[in-house]
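Student: Hi! I'm new to this one, could you walk me through it?
Tutor: Happy to. Let's have a look together.

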Amino acid sequence: MKYFIKTFGCQQNWADSERIAAAFKARGMKPARSYKTADYIVINTCMVRKSAENSAYGLVNNLSKFKDQNPKIKMKIILTGCMVGLAYQDKTGKYLARLKKILPAVDEFMPISEVGFDFAPLRQNNISAWVPITNGCNNFCTYCVVPYTRGREISRAYEEIVKECQDLKKQGYKNITLLGQNVNSYGSDLILNSKVKSPPFAKTTENEQNSKVQIKNQKLIDNKKIQPVYVKHLGKFRIPTLFPYLLDEVAKMGFEKIDFISSNPWDFSNELIEVIAKNANISRTLHLPVQSGDNDVLKRMNRWYTCDEYLDLVANLKLKIKNLKLTTDIIVGFCGETDEEFNNTVKLCKAVGFNWAYVAMYSPRPFSVATKTMKDNIPYTVKKNRWQVLENLINQPQLKKTKKKKDK
Ligand code: SF4
């Protein structure tokens, strides 16, 4: 029996597909070179943009036609990933019923949680490895579907991640990327779900030195006390996270390069900056999604920082980390975005000097707060123009530089 996996979307989905492949292998199956020769076709879907969703619909339709034209072929189509995640998170059952209706060719709708972490991922690359450390997100940015597709944030056990990284080192892997939707809040659920009664960290405003806030009885494997992280640019403590400790521990294992994505500005603590600064093998290219350079838009997006706070963080990072390169995510044409608000984004981009930006035109996502309560009222042509302005400002010069280097 053979399987074929088609993956859409982010690194997290690609990492999930490696675990799906491992589960098939454990059942004695082999990968097929093409979907035409596969007994099982798994489509790992993405919903972060409408276009990604449409690609999955298109593929299922093509496979359905292929099955109709080749009645002797008994292939089974399995849908998984974000679309199925959303279907199972929707307790009314309506979204699953809708999916079944519009995708009758799909034989099974499999939640990714069914795959689990029992088998070591079947990695496609023997130099670089993805290591998922959290799944889901608690942030509820108003444009985003992820908290509805992947659910609340759940962290993998600290020891389990450390063991996986140690094994990868022994196998000769050189590069590691730690993955999570809000990677730098890793472990807050592990701590907060423990017996410890937690103070209201997010509201704490004492400065770093005067802090009396401590979590008692919490010990890491190296016996360090875990404290809420102090986020200097926000001027307050945030939930305690284990990410700086975990990153430090992985960095010391001797990999050539360690990346992590995606981090959020509000959990980018001083502790984390120090860990990066002191470990030269942690990548100097940091991905720090800003989404907009206008405070009102950020509020409408439910992003928890202002532009000044973001710029303070960037200044702090540049000060502490030599040769820093910053990449980001930006959404243009979010509900009600005026010319002035967009121009503020342009100003912020110029102030930061991003090395790359993943610029997306806003598209409403099912179940998100923006879809329910705001109007997608920016015409497509305006979104496209704004997208082009940022492409010309940030990405085109980078592409030209890369081309020049190649030509030399
Ligand atoms: S932080 Fe915001 S944009 Fe990122 S996954 Fe969570 S809700 Fe979505």
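**Two helices side by side**

Tutor: Let's start with a pair of helices: α12 and α14 are roughly parallel to each other. Keep in mind that this is a predicted model.

Student: At what angle do α12 and α14 pack?

Tutor: Helix α12 (residues 339-352) and helix α14 (residues 380-407) pack at about 10 degrees, and their axes are 11 Å apart.

Student: Zooming out, how many helices and strands does the protein chain have?

Tutor: There are 14 helices and 15 strands in the protein chain. The chain has 408 residues, and 37% of them count as buried.

Student: Which residues touch the most other members of the largest nonpolar core?

Tutor: Those are Ile41, Met83, Val131 and Leu246, in a core of 88 residues. Helix α8 (residues 243-251) gives the most to this core, with six residues.

Student: What is Val131 in contact with, beyond its neighbours within four places in sequence?

Tutor: Its partners are Ile161, Glu164, Cys165, Ile176, Thr177, Leu178 and Leu179.

Student: New topic: what surrounds the ligand?

Tutor: The ligand is surrounded by Cys137, Asn139, Phe140, Cys141, Cys144, Val146, Pro147, Gln181, Asn182 and Asn264. In this shell, six residues are nonpolar and four are polar, with no charged ones.

Notes: Residues numbered from 1 in each chain as written. Predicted model: local features only at pLDDT ≥ 70, side-chain atom pairs only at ≥ 80, totals over all residues. Axes fitted to C-alpha atoms, helices over the stretch in contact; angles between N-to-C directions. Helix = DSSP H or I, 4+ residues; strand = E, 2+ residues; numbered from the N terminus. Parallel < 35°, antiparallel > 145°, perpendicular 65-115°, else oblique. Near = placed C-beta within 6 Å. Nonpolar A, V, L, I, M, F, W, Y, C, P; charged D, E, K, R; others polar. Core = buried A, V, L, I, M, F, W, Y, C linked by C-beta atoms within 7 Å. Buried ≥ 20, exposed ≤ 12 C-beta atoms within 10 Å, placed from the backbone. Contact = placed C-beta atoms within 7 Å.
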